[in-house]
Amino acid sequence: MAIGYYCFTKLKIEAYPDIADTNVIVVAPYQGRAAEEVEQQVTVPIERALQNMPNVLDRRSRTIFGLSVVQLTFKDGTDDYFARQQVMERLATAELPQGVSPELAPLSTAVGEIFRYVVEAPPTFSPIELRDLQDWVIKPYLLQTTGIADITTFGGPIKQLHLLTHPDKLRKYGLTLSEVENAVVANNQNTGGNILERGGQGFAIRGLGAIKNEKDIEKIVLKSINGFPVFVRDVASIEIAPPPPSGVLGYTVSVENLAKSKHDIDIKNGVEGIILLRRYENPSEVLAELKQRITNLQEQELPDGVKIRTLYDRSFLIDHSLHTVGKTLFEGISIVIIILIFFLGSIRSALVVALTIPFSLLFAFIIMRFTGIPANLLSLGAIDFGIIVDGAVVMAEHLIRKYRTATPQEKKNGIIHLTLLSAQEVGREIFFSVTIIILAYFPILMMTRVEGKLFSPMALTLAFAVVGSMLAALTFIPVLISFLYNKTISNELPFKEHKNRILECLQNRYERILSKLLVHYKKTILIGFGTICLLISLGLKLGTEFLPELDEGSIFLRGNFPAGITIQENAKYAPKIRSIIAKYPQVAYVITQTGRNDDGTDPFPANRNEILVGLKDYHLWSDTISKKKLVNQIRKELERELPSVKFTSGQPIIDQVMEIVTGSAADLAVSIVGDDLVMMRNKADSIATIIQSMQGSEGVNIEQEGTQEQLSIKINREGAARYGINVSDIQHMIEAAIGGKNISVLYDGAKRYDIVIRYLPEFRNNIDEIKKMLVPSANGSLIPMNQLAEINFAQGQTNIYRYNNKRMITVRTNIRGRDQGGFVKELQKEIESKISIQKRYELVYGGQYENLERAGKQLTFTIPLTLIMVIVFLFMLYKNFTHTIITASCVLFALVGGIVALLIRGYYFNVSAGVGFVSIFGISVMAGVLLVSALNRATKYQPMTFQTINRTAKAQLSAILSILVLAILGLVPAALSTGIGSDVQRPLATVIIGGLTSTLLFTPILIPPLYWWVLGKKRERH
């Protein structure tokens, strides 16, 4: 047990298991290019290079302005490093434009976002200085923390040196933009002159000419006119300025969450660090080290007044999930001990049996440690201590009954002999019963992807604990029970009879009822099994969903502004969004992320706004309003105040997981896959209209933004050729003069800053100035741009999604107030009747429904497999097919209760409930094994009569009651839990409780009549 406790202290502890697939994400920036160009020149070549990757399930890509992101999802079991190595090898063969260098996203997953912080400082620090601290001080320091894959920076202006040229001054001195660019590049380098030997020593020769500051750039000579040099400062101004932002961060923190402030904090343009956990690392250990390093960083490295404020900490979710688990475990153990005392009639015996619980848990921790299974909400929260002690209860109850009824001769033979013989009588039954319980969990291990990763740790943990309980029941429980009753048996003292009047009353009433049922055994069987079949048919009314709504203790909102809005304009609305949300007293903080991060791992266009809402502890407000109502109120108010914006709500972890796994975080995503985006969008609009008219749809919108206005500069090749101008000359003007081109780098110690050349804003900020922009010709004359190209506004794509090498348009919706399966069936009928899908185009149903469909197919295989395994092991126990079928009928009893329990609580059938059904098949059979085995023993040496069956069933009632009541009440806390992270375990616990309750009702009243009908008549014939 000491080893078990040591292993527990070393277990990986997390809130939820990592349910993400093995993914490799390729990020390829192509700055300044429209989505169509990026798709054609970057996305498609990368997809072609990765066509023959092994073990790939599907390929997805998203292309926006200046960025391509290609994602490969691999089959379960594929090693992450193998997958990444294969991708890197094939990327080398991709034919990409010059300057495009694809990189792999960090080795993290959608659940790897464990910590968010912001950098704050007094007003004397500029936003650029804060971003500089993040990039060159904070991020490098924190990246040294063990287990961190990467730190993604969001928001904050990046420091650059902008060389803003004046076209009129260039023309005055007869200079071109290319000449300025070449001069800066040529005057920004150090060189080496090898070694100078002197007096036997060698001295490295360095030519120091690299640019150190803005003044050095201004002093660069461009040309000489009549002996007078023309400097850069004569044609351009040098400014320290940021590039156009890819993302803008804002946040609001309520005053209750601030230690030394009397007012809320609201920041409009902040700097955020998002810390990503490396896959398979222990989040608890990483967070502990990270927080220590942040403390050291504050004390030793950061300037006075600069501080790091924590906004999101996964420890909150881990601690609350562990609190939920701990509360559930404590309540479960307490209930089990009380019930043990009731049934065993002895506090000492109950405590001996209760020792099975710590022994089994510690045994499980040892195996979990060596197999690498983490401790999380599901692996620990779903443990039923009633099930764990069942074997020990059967053994203790049987031994105590044998001690009580022992003959004088048996007492003379000694306590050891009596205990050994008695334990052997039920040892085989306990072994097979517990083995069947364990085997019932193994089909869960055959589940794949999300559902497999979610429930496999739970199945293995329970299996390990039940194995430990079986070892306890067959080894030290008989020894300890014999110690308790040694004096009574050895000294032949009178056995202290415990009068359990409630149990006696139940047994006597049961005896009277059963005697009547045995007389009318045929009618009893027909009515009983008819009722069971009728109740099972109610299962057809159960709706289906993948998983219940999860609660991570926070709210995740997404706001989709109209396509074409600039990021600066979008960011203006973020303070209003934060003020609307922050006024709710339940809210602790609000983070708005406009656009995307700088790393490109979230390829969102400028019209997207992600909002993370942190909530205060539930116990402070959950009695005044439910979280669901709070989310609805916030969303409705946001939509009322910002009517042109479409908001959707969810949870940060599960939404990001589903987005990676299925391509969409929505409950349902209907995707049209093909080539013609215009035709596909028309079809998507029609599908969206159908979905909006259906009951239960919420947040219906098309995932991909529509077209937006683009300034198109279509070069006239013949017109340019007349002036001796190449297309590349015009393209250079578009890239450098209008967009801004990185031409060199300024090094400042370990820091580096881009030098960007560009025209002054007043010469590039409108279409008329661009038309008048002059391009140098072959003879030196300057030709206006509008004579070389057709310049006008045209429609272009905002973003382009692809699925398995074809374009894709997706209609997404959440489903509220009805089940996902029924909703999709109705939608499919509507689409088939109203919308025609052409050849070479495909309709794909994804989102959460994709997981539901896959999991449903797996359950149709695993549930029958469970039944087959149960029957096989029952046959191994009895060596008799009739006994096997009689005992296996308990599965039907359990099935009824599980279905009725779901209907009563208003739950849908989901993967959690399905796992519950798989679990009760093994547990319910244990009751049948006890009763049928006892009947077999009773009728082996004496005639089978109603009295024999009635007497035996009455004697076994206590054992059946004890194991089933223990299992039922042991899971009541899990079924009623409302804490953070309890959503997944509630359907599972509900099914088990309902199934075992019906088993408790039907087994004692149907198994004896069935046994008599099948076997009694057979013996009469013989």
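This is a predicted model: local features need pLDDT of at least 70, side-chain atom pairs count only at pLDDT 80 or more; totals for chains, interfaces and linings use all residues.
Let's start with strand β29, which covers residues 799-803. Five of its five residues are buried, so the strand is largely enclosed by the rest of the structure. Now look at where the side chains go. In a regular strand, side chains alternate between the two faces of the sheet. Here, Asn799, Tyr801 and Tyr803 point one way, while Ile800 and Arg802 point the other way. Whichever way they point, all of these residues are buried.

What does β29 pair with? One partner is strand β2, residues 56-64, and the two pair in the antiparallel sense over five bridges. To find a spot where they meet, look for Ser61, whose bridge partner in β29 is Arg802. Strand β30, residues 806-815, is also joined to β29, this time by three bridges, and again the pair runs antiparallel. Here you can look for Tyr803, which has Lys806 in β30 as its bridge partner. β29 and β30 form a hairpin with two residues between the strands. In that hairpin, Asn804 takes a positive phi near 50°.

Next, the charged side chains. How many salt bridges does the structure hold? There are 32. Take Asp132 and Lys751, whose closest N and O atoms are 3.3 Å apart. This pair links distant parts of the chain: Asp132 sits in helix α4 (residues 127-142) and Lys751 in strand β25 (residues 751-759), 619 residues apart. Is Asp132 buried or exposed? With a relative accessible area of 14%, Asp132 falls under the 20% cut-off, so it counts as buried. Lys751, at 26%, is partly exposed.

Another salt bridge joins Glu641 to Lys576, with the closest N and O atoms 3.8 Å apart.

Glu826 is partly exposed, at 32% relative accessible area, whereas Arg818 is buried, at 17%. Elsewhere, salt bridges that share partners join Glu39, Glu47, Arg802 and Arg807 into one network. That brings us back to β29: Arg802 is one of the buried residues of that strand, and the bridge partner of Ser61.

Technical notes
Residues are numbered from 1 along each chain as its sequence is written. Side-chain values use heavy atoms; hydrogens and water are left out. Buried means under 20% relative accessible area, exposed over 50%, partly exposed in between (1.4 Å probe, protein chains only). Helices (H or I, at least four residues) and strands (E, at least two) are DSSP runs, numbered from the N terminus. Two strands pair if DSSP finds at least two bridges between them. A salt bridge is a side-chain nitrogen of Lys or Arg within 4 Å of a carboxyl oxygen of Asp or Glu.
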